[in-house]
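Here are some notes to read alongside the model, written for a colleague who likes to check details.

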Amino acid sequence: GTAYVTFEDCKVPVENLLGKENEGFKCIMYNFNHERWGFVVQANRFARVCIEESMKHAMKRETFGKKLIQHPVIRYKLAQMSRQVEACHCWLEFTTYQLMKMSKEESNVKLGGPIALLKAHSSHIMEYCAREAAQIFGGLSYTRGGQGEKVERLYREVRAYAIPAGSEEILLDLGVRQAMRGIPNRL
């Protein structure tokens with residue numbers, strides 16, 4: 001959980017400082033890159049769980065005399081979910097490679113914006129997949145137990161991935177502001 005903590009007139013011994021004096025905010029901001037990356041990993045994996053559960057259910061459930069998977073609209077939903085999750089996973093792999101190859105200083109400067117955009121993107125995809133999985137499961141997606149319990153829980157917890165480490169609106173703005181750094185001001 002999180003808590004609000006304040007320090008008034010607090011003296012910190014020099015040997016206990018993290019980073020340089022009066023630059024603590026920067027340390028916190030740079031830490032967000034890894035925190036956001038972790039949220040991307042989780043959101044992408046949970047979106048994939050929505051696909052897996054939907055596919056299993058669609059292969060088993062019958063409606064109007066045929067398996068759910070035989071209905072074109074269900075295959076369309078699964079295809080849309082899959083293409084978005086795979087694209088997000090590709091972006092995640094690319095970003096992970098950059099995090100591994102760049103120095104900490106370079107990644108702190110160059111990857112804050114892209115990771116912010118990726119985090120917002122992954123939570124959108126998780127939300128989309130959870131909603132589509134709920135549509136495929138129908139009423140079973142409302143129950144906390146039984147066949148639809150994973151989908152119900154993921155649909156309920158989507159906001160827990162969209163809000164922490166920066167809301168989507170803040171992250172999108174950060175991504176654009178960082179991208180603007182490299183553009184000459186000629187307007």
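1. Asn22 sits in the segment before α1. Please bear in mind that this is a predicted model when you look at its backbone: phi of Asn22 is near 65°, a positive value in a residue that is not glycine. With 77% relative accessibility, Asn22 counts as exposed.

2. Asp9 also deserves a look. Asp9 lies in the segment before α1, and its phi is near 50°, again positive in a residue other than glycine. Is Asp9 buried or exposed? At a relative accessibility of 83%, Asp9 counts as exposed, because the cut-off for that word is over 50%.

3. Next comes the loop between β2 (66-67) and α2, where His71 is found. His71 has a relative accessible area of 14%, so it is classed as buried, the limit being under 20%. Its side chain makes a polar contact of 2.8 Å with the side chain of Thr63. Apart from neighbours within four places in sequence, His71 touches Thr63, Phe64 and Lys66.

4. How far apart are the end C-alpha atoms of α2? They are 43 Å apart, and 30 residues at 1.5 Å a residue should span 44 Å, so the two values agree. The expected value follows because 1.5 Å is multiplied by one less than the number of residues.

5. Lys77 may be the one you want to click on. What does the side chain of Lys77 pair with? A polar contact of 2.8 Å links it to the side chain of Glu132. Beyond the neighbours within four places in sequence, Lys77 is in contact with Glu132, Gln135 and Ile136.

6. On to the nonpolar core. The largest one has 32 residues, and those with the most contacts inside it are Cys50, Met81, Met126 and Cys129. Two or more residues come from each of α1 (24-60), α2, α4 (112-137) and α5 (149-157). The largest share, ten residues, is supplied by α4. As background, nonpolar side chains in soluble globular proteins tend to be buried together.

7. Setting aside neighbours within four places in sequence, Cys129 is in contact with Ala47, Cys50, Met81 and Val85.

8. Finally, the cysteines. How many disulfides are there? The count comes to zero. Cys50 is in no disulfide, and the nearest cysteine sulfur, that of Cys129, lies 6.1 Å away, whereas the cut-off for a disulfide is 2.5 Å. Cys50 has a relative accessible area of 1%, so it is buried. Cys90 is likewise in no disulfide, with the sulfur of Cys88, the nearest from a cysteine, 9.8 Å away. At 54% relative accessibility, Cys90 counts as exposed.

Key
Residues numbered from 1 in each chain as written. Predicted model: local features only at pLDDT ≥ 70, side-chain atom pairs only at ≥ 80, totals over all residues. Heavy atoms only, no water. Polar contact = N/O pair within 3.5 Å; in protein donor to acceptor, adjacent residues only side chain to side chain. Contact = heavy atoms within 4.5 Å. Helix = DSSP H or I, 4+ residues; strand = E, 2+ residues; numbered from the N terminus. Buried < 20%, exposed > 50% of the residue type's maximum accessible area, 1.4 Å probe, protein only. Core = buried A, V, L, I, M, F, W, Y, C linked by side-chain atoms within 4.5 Å.
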